[in-house]
Amino acid sequence: MMFFLRAAFWLAIVSVFVPRDFAGEGFDLQFNTASTQIDAGEAVSDWCLDREAICEAGAEAMQLGGFLAGFAANRIEAAIDEREMANS
């Protein structure tokens, strides 16, 4: 947690000293997110129709990844709580 706080602090400090036109002039993109997501979804579903086994394995991997991420988050939260109780 301290890493994220330090990173946010230093990012804020650096952003104060960056000139306003550092990245050049802004430009406006004509971009419709909803239609892009629909187009991407259609491409993925078409691809998955041809390669069902790969898509099923990917879905299982995503479920496993979500489970492991939740498990890791719970363990980290428990470790932080234990450390705070030990320091109190």
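The protein chain has three helices and zero strands, and from the N terminus on its elements run α-α-α. Here helices (H or I, at least four residues) and strands (E, at least two) are DSSP runs, numbered from the N terminus. What you see is a predicted model, in which local features need pLDDT of at least 70 and side-chain atom pairs count only at pLDDT 80 or more, while totals for chains, interfaces and linings use all residues. Residues are numbered from 1 along each chain as its sequence is written, and side-chain values use heavy atoms, with hydrogens and water left out.

Of the 88 residues in the protein chain, buried ones make up 1%. Buried means under 20% relative accessible area, exposed over 50%, and partly exposed in between (1.4 Å probe, protein chains only).

Next come the aromatic rings. Rings of Phe, Tyr and Trp (its six-membered ring) pair if their centres lie within 6.5 Å; planes under 30 degrees apart count as stacked, over 60 as edge-to-face and the rest as tilted.

| Pair | Centre to centre | Angle between planes | Arrangement |
|---|---|---|---|
| Phe3 and Phe4 | 5.5 Å | 70° | edge-to-face |
| Phe9 and Trp10 | 5.0 Å | 75° | edge-to-face |

Phe3 and Phe4 are both exposed. Phe9 has a relative accessible area of 45%, so this residue is partly exposed, whereas Trp10 reaches 54% and therefore counts as exposed.

Which residues make the nonpolar surface patch of about 590 Å²? They are Phe9, Trp10, Ile13, Val16 and Phe17. Patches are made of residues with over 30% relative accessible area and no salt bridge; like charges are joined within 9 Å, and nonpolar side chains (Val, Leu, Ile, Met, Phe, Trp, Tyr) within 5 Å. A salt bridge is a side-chain nitrogen of Lys or Arg within 4 Å of a carboxyl oxygen of Asp or Glu. Ile13 lies in helix 1 (residues 2-17) and is partly exposed, at 30% relative accessibility.

Finally, the structure holds one disulfide, a term for a pair of cysteine sulfur atoms within 2.5 Å. Cys48 and Cys55 form this link, with their sulfur atoms 1.9 Å apart. The angle about the S-S bond is -85°, and the link of Cys48 and Cys55 is left-handed. Cys48 is partly exposed, at 22% relative accessibility.

Definitions and conventions
Areas by Shrake-Rupley, 256 points an atom, 1.4 Å probe, with all protein chains shown as cover.
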